[in-house]
Amino acid sequence: MLRQIIASLACLLTLAAHADPVDEALLGQVGSGTMTESLAALEDIVAANPDDDRARLALGMLKIIKTGETTSQWLYRYGAGNPTRQASVFVFPMVASIPGNPDPEKLTLEEIDRFMIQWMEELDEAHAILAEIKDPAVKLEVDLAKLRFDLNGNGIASDNERAGIALNVLFTGGRPAGGEVPSFVVAADRADVNWMIAYTHVFRAMGEMFLAHDFSNIFNRAGHIIFPNTDTPYEFLQQRTLFDPTMSGLDVTDMIAFFHSLRFEVDEPERMENARQHFLKAIEHSRAMWVYALMETDNDREWLPNPNQDAALRGMKMTDERIRLWRDLLDETEDALRGEKLVRFWRGDGSQGIDLKRVFQEPETLDVLLWIQGTAAAPYLEEGEYTRDFLWRDFEDAFGDNPFRYIFYIN
């Protein structure tokens with residue numbers, strides 16, 4: 001009996017010795033399992049081991065993922081989607097599968113700006129962490145499906161809020177068969193570091209563009225379409241409806257007002273230039289990403305595979321032709337953002353193009369419908385060298401029926 005006890009204790013000590021604190025933190029096995037506690041654990045690991053790039057990669061990755069959890073909690077707090085939930089079959093099909101907040105807080109436009117600034121600051125922190133990684137052979141295995149979230153901000157990262165289940169509910173409207181979450185293991189490496197940094201720049205560019213403009217008009221007149229409890233001078237909009245064919249509380253005239261209000265004055269023009277710089281930085285890191293990816297000789301559950309590797313995500317195959325076209329797209333986009341080439345104008349006789357650099361450096365009122373029509377582009381029309389014709393056609397030919405899926409995937 002004594003021998004059995006000693007053997008059991010030895011087994012437990014062996015398991016404890018082999019437990020990886022980085023893996024435990026990533027999979028929510030510290031404290032009560034929240035992402036906040038996981039981040040704190042990883043920060044302690046990096047502080048104690050400043051040369052551990054694997055732990056730093058885990059921390060930077062989780063910092064970015066945490067911005068998604070923070071966004072979900074914020075949207076739940078203010079009841080995002082509640083007004084359209086019952087009408088989702090007509091408006092937003094996926095909204096109906098996401099639990100709604102029965103008692104959303106009142107939302108102000110100032111609170112949206114505060115959230116956007118905080119979100120950008122968190123992305124900047126993630127960028128700073130990832131930028132310190134030096135090891136070209138760094139690798140981190142992570143089961144993305146097993147990541148735990150606290151999506152509604154109640155302080156509990158429940159089994160129902162694991163990434164695999166949340167994504168299944170979002171895209172299929174139900175839980176996985178038997179409630180089991182299939183694994184989705186990715187071996188993140190040095191190329192993925194640049195992939196993540198590039199995305200922090202893309203997201204921050206979007207945030208800067210939002211903060212550059214005044215959204216008060218559309219928020220006051222149609223914000224209740226998305227958020228049920230908005231601080232608006234037109235409180236009657238959240239009361240009786242007049243034209244409600246779906247019997248859901250969603251008035252058709254509110255949708256018309258939404259599209260009618262897609263016109264935004266510029267109140268912080270310097271933020272548009274900040275956005276342009278972020279886009280240029282994203283291009284820089286996307287190029288570096290492919291330098292590292294093409295140097296790889298292994299084939300280990302790749303998020304971003306080179307032509308000789310298999311992707312962890314089924315159906316995502318990169319060929320030499322696709323990589324060449326992606327690099328061409330980066331080059332042409334960079335030339336347009338720097339004002340070295342014009343973007344071909346979709347109206348007129350084809351002799352003029354849009355100076356994209358001036359769009360960011362000399363921003364005028366953003367009227368979405370007039371941009372589609374073309375007249376809003378008039379101040380930026382010039383003659384000169386254009387970005388490559390038919391690049392998008394070639395891109396579609398190489399990437400198939402859904403090129404935007406690859407754009408999101410590659411960044």
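This report covers strand pairing and nonpolar cores in a predicted model.

## The β1-β2 pair

Strand β1 spans residues 139-143. Its partner is β2, and the two run antiparallel, joined over 5 bridges.

Strand β2 covers residues 185-189. Of its 5 residues, 4 are buried, so the strand is largely enclosed by the rest of the structure. Buried here means under 20% relative accessible area.

## The β3-β4-β7 sheet

A separate heading goes to an open sheet of 3 strands. The order is β3-β4-β7, with antiparallel pairing. The edges are held by β3 (213-214) and β7 (366-367). Each has a single partner strand, so one side of each is left without a neighbour in the sheet.

Strand β4 takes in residues 263-266 and pairs with β7 over 2 bridges, again in the antiparallel sense. Phenylalanine 264 has leucine 366 of β7 as its bridge partner.

## Nonpolar cores

The largest nonpolar core holds 64 residues. Those with the most contacts inside it are Val22, Leu42, Leu57, Leu130, Trp290 and Ile410. Helix α8 (residues 190-212) supplies the largest share of this core, with 9 residues. Another core lies apart from it and has 21 residues, including Leu109, Phe115, Met120 and Ile225.

What does valine 22 touch, leaving out residues up to four places away in sequence? Its contacts are Leu42, Ile45, Arg54, Ala55, Ala58 and Leu140. Of these, Leu42 is also listed among the residues with the most contacts inside the largest core.

Technical notes
Residues numbered from 1 in each chain as written. Predicted model: local features only at pLDDT ≥ 70, side-chain atom pairs only at ≥ 80, totals over all residues. Heavy atoms only, no water. Buried < 20%, exposed > 50% of the residue type's maximum accessible area, 1.4 Å probe, protein only. Pairing = 2+ DSSP bridges. Core = buried A, V, L, I, M, F, W, Y, C linked by side-chain atoms within 4.5 Å. Contact = heavy atoms within 4.5 Å.
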